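The following dialogue sets computed values against the definitions behind them. Please consider the model first.

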Amino acid sequence: MARQTSQVPFGYELPNGRDTKRGSLWIYDAFEDYTEQELVRILALASERSIAKAVFYPLHEETVRRMEKRRSVAPYHRRVEALETLLAASDTKVDYVVESFEGKRKKYTPADTAFRFLEEKYAAPHFVWVTKTTAELLAGYESFETWIKKIRWFVSGEGGPVTHPRLQAYAHRWDSV
């Protein structure tokens with residue numbers, strides 16, 4: 001059998017070791033009253049799972065209002081500034097970015113639109129971190145089954161067990177953290 005050869009660009013050097021970090025973790029949350037402990041937990045999760053990039057996706061206040069039907073939150077720019085201050089103060093080695101997609105839209109953005117945007121922009125495999133409340137709300141959407149099959153979910157384990165039937169049906173696709 002003939003041996004196949006391929007060309008490499010001039011100056012190419014073999015890497016010493018394979019880069020084990022890959023994928024992106026989307027943190028989909030309102031970031032209202034966010035604490036340093038919560039941030040440390042998320043960044044530790046990204047580090048433990050060898051995720052290359054953590055993408056913080058703050059929800060616009062109109063999105064939060066429509067999702068939760070009753071809750072009011074601080075203005076988008078204040079929550080983003082507080083999050084950026086927390087991230088700057090943390091001594092993390094995880095590569096992160098605060099995504100400003102909803103800030104540019106300045107209106108309600110369906111989760112399906114946000115996930116499609118993040119899927120196109122950031123490297124696979126994709127993971128999403130949500131709170132238990134947000135997970136229960138997202139499970140009620142029609143597009144939930146599509147996204148739970150594409151993305152590995154991490155659900156914040158605070159507040160007791162999940163009760164939504166769709167989340168229970170897809171329990172093998174998400175982890176409580």
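Q: What makes the pair threonine 134 and threonine 131 a polar contact?
A: A polar contact is a pair of N or O atoms within 3.5 Å; within protein, one must be able to donate a hydrogen and the other to accept it, and residues adjacent in sequence count only if both atoms are side-chain atoms. The side chains of threonine 134 and threonine 131 make such a contact at 2.9 Å. The model is predicted, so local features need pLDDT of at least 70 and side-chain atom pairs count only at pLDDT 80 or more, while totals for chains, interfaces and linings use all residues. Residues are numbered from 1 along each chain as its sequence is written, and side-chain values use heavy atoms, with hydrogens and water left out.

Q: Why is threonine 134 called buried?
A: Buried means under 20% relative accessible area, exposed over 50%, and partly exposed in between (1.4 Å probe, protein chains only). Threonine 134 has 5% relative accessibility and therefore counts as buried.

Q: Where is threonine 134 found, and with which residues is threonine 134 in contact, leaving aside neighbours within four places in sequence?
A: Threonine 134 is found in helix α6; helices (H or I, at least four residues) and strands (E, at least two) are DSSP runs, numbered from the N terminus. With contact meaning heavy atoms within 4.5 Å, and with neighbours within four places in sequence left aside, threonine 134 is in contact with Tyr28, Asp29 and Met67. The C-alpha atoms of threonine 134 and alanine 30 are 9.5 Å apart, although 104 residues separate the two along the chain.

Q: What makes a region of space a pocket, and what volume lies in the largest pocket?
A: On a 1 Å grid over the protein atoms alone, a cavity is a set of points where a 1.4 Å probe fits but cannot get out, whereas a pocket is an open set with protein on both sides within 12 Å along at least five of seven lines. Grid points are joined across faces, edges and corners, and a volume is the space filled by probe spheres set on the points.

Q: Which residues line the largest pocket, and of what classes?
A: Lining residues have an atom within 4 Å of a point. The largest pocket has 20 of them, with Asp29, Arg71, Thr131, Thr133 and Thr134 nearest its centre. Helices α1 (36–48), α2 (61–68) and α6 (132–139) each supply at least two lining residues. Ala, Val, Leu, Ile, Met, Phe, Trp, Tyr, Cys and Pro count as nonpolar, Asp, Glu, Lys and Arg as charged, and the others, Gly among them, as polar. On that basis the lining of the largest pocket has nine charged, seven nonpolar and four polar residues.

Q: What is known of the second largest pocket?
A: The second largest pocket holds about 150 Å³ of space. Among its lining residues are Glu36, Val40, Leu43, Ser90 and Lys93, and α1 gives the most, with five residues.

Q: Why is serine 90 called buried?
A: The relative accessible area of serine 90 is 17%, which is under the 20% limit, so serine 90 is buried. Serine 90 lies in the loop between α3 (76–89) and β3 (95–98), and a polar atom of its side chain is 2.8 Å from the backbone oxygen of leucine 87.

Q: What makes a set of residues a nonpolar core, and how many residues has the largest?
A: A nonpolar core is a set of buried Ala, Val, Leu, Ile, Met, Phe, Trp, Tyr and Cys residues joined through side-chain atoms within 4.5 Å. The largest has 30 residues, and Phe115 and Trp153 are among those with the most contacts inside it. Its largest share, four residues, comes from α5.
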